[in-house]
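User: I would like to learn how to read the features of a structure one at a time, with the general idea before the particular case. Could we work through one together?

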Amino acid sequence: MKIKSAKFLISSPDLKSCPTFNLAEFALLGRSNVGKSTFINTICNNSKLAKTSNTPGKTRLINFFEITTDLKPFIIADLPGYGYAKVSKTEQESWRKNLEEYLLKRNLTSAIQFIDARHEIQKNDIQMHEWLKFNNITTFNILTKCDYISRSEVNKKLAQIEKTFQNQAFAFSSKDTIYKDKILSHLEQII
Ligand SMILES: Nc1nc2c(ncn2[C@@H]2O[C@H](COP(=O)(O)OP(=O)(O)O)[C@@H](O)[C@H]2O)c(=O)[nH]1
Ligand SMILES: [Mg+2]
């Protein structure tokens, strides 16, 4: 599958403000700064599409993008990152509720949980994963920033994620386009 074009559609604060698109929809999940927005920009070949940042925890909205391909179009929903400690407990709690409602009721094609290759799998990654499994939400994993580690470390990490999460896992790096095709073929299989 080849991506032809991509455009930003809308930002929604919660489930009730999310429009219905009647297209396959993928939700990007992961800790703040893991590289979710960069992933969108890289696969769409447009560095200005999704806002990326070195300051974590900025986006508290669900940002929807429509991706047109040589096959079917689909939607990517860029979700606010979890594990951002610098906001109040009340704010974290209110966002957690919004996020859970969206994930439970949105009829997603799949969630995609992102893991940073530079760090060990974190406690909140495991918690998120367990919550997704418990609620029967289809998920696969993407290991980001693979340019920071060696090829053999990439394979080790992928095997570790597949074992811990019992999910398919794909390597990714914004600096290395070799990883893109496998992920796009996987998306193609499930849309
Ligand atoms: N070297 C490298 N840096 C990356 C990669 N992906 C993201 N980044 C950087 O990590 C930071 C956070 O990325 P962003 O996409 O905003 O993360 P988000 O919070 O998950 O959306 C930015 O400074 C990106 O440039 C990658 O694959 N390789
Ligand atoms: Mg982002």
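User: In which strand does Gln113 lie?

Analyst: Before the answer, some conventions: this is a predicted model, in which local features need pLDDT of at least 70 and side-chain atom pairs count only at pLDDT 80 or more, while totals for chains, interfaces and linings use all residues. Residues are numbered from 1 along each chain as its sequence is written, chains are lettered from A and ligands numbered from 1 in the order in which they are written, and side-chain values use heavy atoms, with hydrogens and water left out. Strands (E, at least two residues) and helices (H or I, at least four) are DSSP runs, numbered from the N terminus. Gln113 lies in strand β5, which spans residues 110–116.

User: Is Gln113 buried or exposed, and which residues is Gln113 in contact with?

Analyst: Burial is read from relative accessible area: buried means under 20%, exposed over 50%, and partly exposed in between, using a 1.4 Å probe and protein chains only. Gln113 has a relative accessible area of 0%, and is therefore buried. Contact means heavy atoms within 4.5 Å. Leaving aside neighbours within four places in sequence, Gln113 is in contact with residues including Leu29, Tyr82, Asp125, Met128, His129, Leu132, Ile142 and Phe165.

User: How do I read the packing of two helices, and at what angle do α2 and α3 pack?

Analyst: Two packed helices are described by the angle between their axes and the distance between the axes. The axes are lines fitted to C-alpha atoms, for helices over the stretch in contact, and the angles run from 0 to 180 degrees between N-to-C directions. Here α2 (residues 89–105) and α3 (residues 123–134) pack at about 35 degrees, with their axes 11 Å apart. The contact is made by Glu100, Leu103 and Leu104 of α2 together with Met128, Trp131 and Leu132 of α3. By class, this contact has five nonpolar residues, no polar ones and one charged residue, where Ala, Val, Leu, Ile, Met, Phe, Trp, Tyr, Cys and Pro count as nonpolar, Asp, Glu, Lys and Arg as charged, and the others, Gly among them, as polar.

User: Which residues have the most contacts inside the largest nonpolar core?

Analyst: A nonpolar core is a set of buried Ala, Val, Leu, Ile, Met, Phe, Trp, Tyr and Cys residues joined through side-chain atoms within 4.5 Å. The largest one has 38 residues, and those with the most contacts inside it are Phe39, Ile40, Phe74, Ile112, Ile142 and Leu187. Ile40, if residues up to four places away in sequence are not counted, touches Leu28, Leu49, Ala50, Phe65, Ile76 and Asp78. A second, separate core has 20 residues, including Tyr82, Trp95, Leu99 and Leu103.

User: What should I look for in the backbone, and what is the phi of Asn22?

Analyst: Most residues other than glycine have a negative phi, and most peptide bonds are trans. Asn22 has a positive phi of about 55 degrees although it is not a glycine. Asn22 lies in the loop between β1 (3–12) and β2 (24–30), and is exposed, with a relative accessible area of 72%. The phi of Asn45 is also positive, near 55 degrees. Asn45 lies in the loop between α1 (36–44) and β3 (62–69), and counts as exposed at 68% relative accessibility.

User: Where does Thr144 lie, and which residues does Thr144 touch?

Analyst: Thr144 lies in strand β6 (residues 139–144) and is buried, with a relative accessible area of 2%. Not counting residues up to four places away in sequence, Thr144 touches Val34, Phe114, Ile115, Asp116, Ala117 and Phe172. The C-alpha atoms of Thr144 and Ser32 are separated by 12 Å, while the two residues are 112 residues apart along the chain.
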